[in-house]
Amino acid sequence: MTTQPRLPRAVAPREPVPQLQRAGMLDQVEKRLRGLLNDEHRRWRTADARGAGLVESLAELVAVGADRVRPVILLTGYLAAGGDPEGSAAVEAAAALELLDTCTLIRSDVRDNAALRRGIPALHVSRAAEHERNGWAGDARRFGESTATLAGDLALSLAERLAARLPAPAWQIWDEMRTERVIGTYAHEAMTAEYLDDPWPGRCISGCDRGCTAGWYALRHPLRLGAALADRPDLDAAYDAYARSLHAAWRLRGFLDGGPEYDWDAELLREILLEREERGIAERLIRELVDRASRTAAASRLAAGWCEELTAFAVRMAAERG
């Protein structure tokens, strides 16, 4: 009797170690956020039911923020710097950063009168609707906006609670980041009001200044915070250079392909400036900026596998939007 050869069992491809490490830490960030908000809700449910309602509104918005962009960048900077995947301080910092980002989004939605956030009604919209349904006194819109502002205050308060235990070098970056975030946001609002907000990202390409909230707050500060938590201050300059190049590529891609930050004036400018040849030049500039970011990563002393991961991240950030 002939024995049939045993076929090898199909094995699902394994994620690279860097991605597995980051995914494991992101799971811990989710648990920390969920636990913190659940504890806060239990505390206020018995002390003040209305206060518990505010916590519920914040928790709902945090729960639907599945991409966790800022924590991903912070943990990337931390693990690439050789940080311990079991480190609790990085988890605390990543959770704090998500809450700080949530505060920023809530307040920006109020300023912009945005209808949706993360696929659900913006917080000021849902609370205004609640006011109308219940026939409460006063103006529903003002109630929604003031409630949303208070939810932003709550998110910031909880973020500060987590950040208070960070080591001194990391806390210094955190303090710098939260201050520059506010000043940079004001500078952007003032430039828009003065008709000085140019949709062409020339300043980003030539090198973001300290008022650039997108470049500093979105990329540079989270990466530096990760390096500080891994006790790698030597990576500060490298992360700065990487973030500048990648941010410029990302902003240029946004201008070319359009997006929420690029409204009719950007579309008009694209039609005026970008003939086929000019668009080709802009695409080459994006590739050069991504290549510059990749070379910066390659020249840095990073943990095994993380140079490739930072390069892949840069490529994804600057890819054409379908």
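Leaving out residues up to four places away in sequence, Leu 229 touches Leu 74, Tyr 78, Ala 89, Ala 90, Ala 93, Leu 166, Pro 167 and Ala 170 (contact means heavy atoms within 4.5 Å). This is a predicted model: local features need pLDDT of at least 70, side-chain atom pairs count only at pLDDT 80 or more, and totals for chains, interfaces and linings use all residues. Residues are numbered from 1 along each chain as its sequence is written, and side-chain values use heavy atoms, with hydrogens and water left out.

**Nonpolar core**

- The largest nonpolar core has 77 residues, and Trp 174, Leu 229 and Tyr 242 touch the most other members.
- Helix H4 gives the largest share of this core, twelve residues.
- A nonpolar core here is a set of buried Ala, Val, Leu, Ile, Met, Phe, Trp, Tyr and Cys residues joined through side-chain atoms within 4.5 Å.
- Buried means under 20% relative accessible area, exposed over 50%, and partly exposed in between (1.4 Å probe, protein chains only).
- In soluble globular proteins, nonpolar side chains tend to be buried together.

**Helix H5**

- H5 spans residues 123-134, twelve in number. Helices (H or I, at least four residues) and strands (E, at least two) are DSSP runs, numbered from the N terminus.
- From first C-alpha to last, H5 reaches 17 Å, close to the 16 Å expected at 1.5 Å a residue (1.5 Å times one less than the number of residues).
- Leu 123, His 124, Arg 127, Ala 128 and His 131 are buried in H5. They lie on the same side of H5, because they cover an arc of only 130 degrees around the axis (taken from the directions from the helix axis to the C-beta atoms).
- The face turned away from that buried side carries the exposed residues Glu 132 and Arg 133.
- Cover for the buried residues of H5 includes helices H2 (49-63), H4 (88-112) and H6 (140-163), and strand S2 (120-121).
- Gly 135 follows H5, with a positive phi near 65 degrees.

- Thr 147 sits in helix H6. Thr 147 is buried, at 8% relative accessible area.
- Beyond four places in sequence, Thr 147 touches Leu 54, Leu 123 and Arg 127.
- Glu 309 lies in helix H13 (residues 306-317). Glu 309 is buried too, at 6%.
- Neighbours within four places aside, Glu 309 contacts Gln 19, Arg 22 and Arg 316.

**Cysteines**

- The disulfide count is zero (a disulfide is a pair of cysteine sulfur atoms within 2.5 Å).
- Cys 103 is buried, with a relative accessible area of 0%.
- Cys 307 is partly exposed, at 22%.
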